[in-house]
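User: I have a model open and want to go through a few spots in it. Can we start with one of the loops?

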Amino acid sequence: MADITLSAGVRQNLLSLQKTADLMASTQNRLATGKKVNSALDNPTNFFTSASLQTRASDLSALLDSMSNGVKTLEAADNGLTSITKNLESMQSTLRQARQDKSFKTTSYSVDLGANPAGTETLSFSGGSVGATAVDVELTEAQGVFTGAGFAALDFDSAADNSYAGTLDFDVAVDGGTAQSISITAVDADTLAITVDGGAATNVDVADVEAVTSTELESVLNAGFAANNVDITASTDGGELVLTSNTASNAGTAAVAVTNVAETLAGASDSGLAGGAGSLGAVTAKSVDLLVDEINGNAGLTDKIRASNDNGKLRIENQSTQELTVTGASAGAIVDGGSGTATIGGNGVRSDLATQFNLLRDQLDKLSDDSSFNGVNLLRGDNLKINFNETGTSTLNIQSKDGATINSANLGLMSVEAADLDSDDNIDALLSTVSDALNTIRSQSSSFGSNLSMVENRQDFSKSMKNTLQTGADNLVLADTNEEGANMLALQTRQQLSSVALSLASQADQAVLRLF
């Protein structure tokens, strides 16, 4: 090729044609790839800047996949919490149904102790809510009575200057027990004080202490007896002082004894008290109404059984889900105070509801265990870490409060026995525990909801950033196809013109051939 000689005109047009061909090849490449920068040779700055932006966009795309998994994990936890909430509401409904149910079993007993009760008959209750230790109720009553002789009035006025003095002392014993010393002393014109065995004085106001009437003395004694737990009731009837033992005893036993009567009074000794002893009358069976009052007033039976008068019969209601044993009742539903026993069944409705409560409790734990996504279960206390940027400097750790598992044990919901639903107070306590559990679940749902909002917000942000990065990268390397198309048309025109110019230059060189 070095031996070929071209004229300057041909060489110039050839060079122009070659440059046009190169430009056309470059333009065709841009049109084919859509990029004006296809390699670092085209534009190093734009090429490497675009590559960096594309790399970051790619990293964000991978993070978006992680965020998407995080969103689904939170949705799975929310599904579990929603179902647990409904489960807890069902448990609440079960307990409220038990609270409202009053279908306790009852039995009505005829009370028949025979013609001559011995005075030792009792009715005992055990089992049910009462427990293994039996609670006894006496079926008979009898009172020992001491009656003074001809009581009129006591004159405590010791002087004309209206200073008050004087005492009335005596000892009293119940059913042969230890005697207790009773002392009544004038304090002032309106007050008498009574002491028992030298204890603290109990002051009682009276209308006129100068001459204490039988009614006033009755008030003084009963106030003192009550304040010092003396099991005696004082009363006056027709000018007589009657002291009555409140404790039942066998017939014939001395119930109340009054001894060592001493008076220091301004007037004559006119109390009418004298030493002696009373005796019990015949032991009699307590009335049904009295038994009802004693059973319902017994602290050991309160909210455990309930008694009522069923048309002359003693009706016993077993306020428990467990069977109640009644000792002292014979066959045929008759209370006779003997050694026979009878039973009253428990509340089957509440017992069944206890079983239903436990089933719901177990279901709560299963809902918690099944609320996982891709191996992560936030309700089991798993920690979900989500990265928001490619450098790892922006993250979010999502976990239940204190990393605790959301299950029945951590919510304070223990398995219940049927006996736990015996008492309305116990049911109220269980309802309070379920209510607290609901509040805990709602609080955790709110926390996870806030986390989900943050993740979704960052997800939207990352999508926008990815789009921005890709657009910026493309702006640096993409070609304007319209411009490149126009360039191609121009280059094609230039190529044709160059070809014509080359042909003309070549024809000029051929002019010498005309000489031959």
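Analyst: Asparagine 377 is buried, with a relative accessible area of 0%; buried means under 20% relative accessible area, exposed over 50%, and partly exposed in between (1.4 Å probe, protein chains only). This is a predicted model, where local features need pLDDT of at least 70, side-chain atom pairs count only at pLDDT 80 or more, and totals for chains, interfaces and linings use all residues. Residues are numbered from 1 along each chain as its sequence is written, and side-chain values use heavy atoms, with hydrogens and water left out.

User: Where does asparagine 377 lie?

Analyst: In the loop between helix 5 and strand 21 (384-387). Helices (H or I, at least four residues) and strands (E, at least two) are DSSP runs, numbered from the N terminus.

User: What does the side chain of asparagine 377 reach?

Analyst: The backbone oxygen of aspartate 369, at 3.2 Å. Leaving aside neighbours within four places in sequence, asparagine 377 is in contact (heavy atoms within 4.5 Å) with residues including Ser368, Asp370 and Asp382.

User: Now helix 5. Which of its residues are buried?

Analyst: Arg350, Leu353, Ala354, Phe357, Asn358, Leu360, Arg361, Leu364 and Ser368. They cover an arc of only 160 degrees around the axis, which puts them on the same side of helix 5; the arc is that of the directions from the helix axis to the C-beta atoms.

User: And what do the buried residues pack against?

Analyst: Helix 2 (44-100) and helix 6 (424-477). The face turned away from the buried side of helix 5 carries the exposed residues Asp352, Leu359 and Lys366.

User: What caps the N-terminal end of helix 5?

Analyst: Asparagine 347, with a side-chain oxygen 3.0 Å from the backbone nitrogen of valine 349.

User: What sits between strand 8 and strand 9?

Analyst: The two form a hairpin with 5 residues between them, and aspartate 197 in the turn has a positive phi of about 55 degrees.

User: Last one. What is the strand order in the open sheet of 5 strands?

Analyst: 15-16-1-19-18, with mixed pairing. Strand 15 (305-310) and strand 18 (329-330) stand at the edges with a single partner strand each, so one side of each has no neighbour in the sheet.

How values were computed:
Polar contact = N/O pair within 3.5 Å; in protein donor to acceptor, adjacent residues only side chain to side chain. Pairing = 2+ DSSP bridges.
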